[in-house]
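Subject: Structure handover

Hello,

Here is the structure I promised to pass on. Please load it before you read further.

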Amino acid sequence: MNSIVRIAPQADADFRAAMRHLVGGVSVITVGRGSEISGMTVTSVSSLAVDPPSVIVSINRGASSWPLLQSERAFGVNIPAADQLEIVERFAGKGGLKGAERFAGADWRKRVTGVPLLVGALAAIDCEVEEIIERHSHAIVIGRVLHLDVGPAAAALAYWQGGYVSVDRDEDMARLAALSVPNPPSRS
């Protein structure tokens, strides 16, 4: 038997607090072409399939980038390195910059779709929209990967407890070793 649990409107803060316990990978989504460009920082990117290569991202339909994504039907998923935190914060709205202003101070390249992709990112993925599923305040966007650039291994960013956290495999493994926590099996 299925049961539906309704959350009272005053429970929004509790829901947000609960979700802050979930560690999320940080990505900058870029949309548009030419002078009509925008973007946003998200923690809702996930791989969907390897065959064909595709991703899922959840986008707030109230975001200023949403209309461009709908009309252009293409987007970039930029997985920034930890040393690109300033870019992440800019695309999250820090400093009040909007649209093309957010792209200043970083290097961008264009691939198949013409959407700006972040140079120096851990990965920059050029996608065309395959499907959009609108639910509640957000849309689930399925993107087919047309091109990807993979950068060298470096520290990544995660979002946890309302802030950004640098994740560096080598440094974190050294810290764990100092605490005598068993090492996980090595990756080959």
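Below is what was found in it, topic by topic.

**Overall**

Please keep in mind that this is a predicted model. The protein chain has 4 helices and 12 strands. Of its 188 residues, 35% are buried. Take the contacts between residues at least 6 apart in sequence: 62% of them join residues at least 24 apart.

**The largest pocket**

The volume of the largest pocket is about 1300 Å³. Its lining comes from 31 residues. Which of them lie nearest the centre? They are Thr-43, Ser-44, Ser-58, Asn-60 and His-138. Helix H1 (12-19), strand S3 (36-42), strand S5 (53-60) and strand S10 (138-150) each give two or more residues to this lining. Split by class, the lining has 13 nonpolar, 12 polar and 6 charged residues.

Ala-17 sits in helix H1. The C-alpha atoms of Ala-17 and Gly-162 are 9.0 Å apart, although 145 residues separate the two along the chain.

**Strand pairing**

As background, strands of a sheet pair through backbone hydrogen bonds, either parallel or antiparallel.

Start with S5. Strand S4 (residues 45-50) runs antiparallel to S5, and 5 bridges join them. Ala-49 of the pair stands opposite Ser-54 in S5. S4 and S5 make a hairpin, with 2 residues between them. S5 also runs antiparallel to S10, with 7 bridges joining the two. There, Ser-58 has Ile-140 in S10 as its bridge partner. Ser-58 is also one of the residues nearest the centre of the largest pocket.

Then there is an open sheet of 3 strands, in the order S1-S11-S12, with antiparallel pairing. Its edge strands are S1 (24-25) and S12 (163-167), each pairing on one side only. S1 and strand S11 (residues 156-160) are joined by 2 bridges. Gly-25 has Ala-158 in S11 as its bridge partner.

**Nonpolar cores**

In soluble globular proteins, nonpolar side chains tend to be buried together. In this model, the largest nonpolar core has 18 residues. Ile-29, Ile-59, Leu-69, Phe-75 and Val-141 have the most contacts inside it. Several elements give two or more residues to this core: strand S2 (27-33), S3, S5, helix H2 (66-72), strand S6 (74-79), strand S9 (123-135) and S10. A second, separate core has 13 residues, including Ile-37, Ile-87, Phe-91 and Leu-118.

What does Leu-69 touch, not counting residues up to four places away in sequence? The list is Val-31, Ile-59, Ala-74, Phe-75, Val-129 and Val-141.

**A buried serine**

Ser-27 is found in strand S2. Is Ser-27 buried or exposed? Its relative accessible area is 5%, under the 20% cut-off, so Ser-27 is buried. Leaving aside neighbours within four places in sequence, Ser-27 is in contact with Met-40, Thr-41, Val-42, Val-45, Val-77, Asn-78, Ile-79 and Pro-80.

**Backbone points to check**

Most residues other than glycine have a negative phi, and most peptide bonds are trans.

- The peptide bond from Asp-51 to Pro-52 is cis, with omega near -5°. Pro-52 is in the loop between S4 and S5.
- His-136 has a positive phi, near 50°. His-136 lies in the loop between S9 and S10. With a relative accessible area of 76%, over the 50% cut-off, His-136 is exposed.
- Gln-161 also has a positive phi, near 55°. Gln-161 lies in the loop between S11 and S12. Its relative accessible area is 38%, so Gln-161 is partly exposed.

That covers the handover.

Best wishes

Key: Residues are numbered from 1 along each chain as its sequence is written. This is a predicted model: local features need pLDDT of at least 70, side-chain atom pairs count only at pLDDT 80 or more; totals for chains, interfaces and linings use all residues. Side-chain values use heavy atoms; hydrogens and water are left out. On a 1 Å grid over the protein atoms alone, a cavity is a set of points where a 1.4 Å probe fits but cannot get out, and a pocket is an open set with protein on both sides within 12 Å along at least five of seven lines; lining residues have an atom within 4 Å of a point. Grid points are joined across faces, edges and corners, and a volume is the space filled by probe spheres set on the points. Ala, Val, Leu, Ile, Met, Phe, Trp, Tyr, Cys and Pro count as nonpolar, Asp, Glu, Lys and Arg as charged, and the others, Gly among them, as polar. Two strands pair if DSSP finds at least two bridges between them. A nonpolar core is a set of buried Ala, Val, Leu, Ile, Met, Phe, Trp, Tyr and Cys residues joined through side-chain atoms within 4.5 Å. Buried means under 20% relative accessible area, exposed over 50%, partly exposed in between (1.4 Å probe, protein chains only). Contact means heavy atoms within 4.5 Å.
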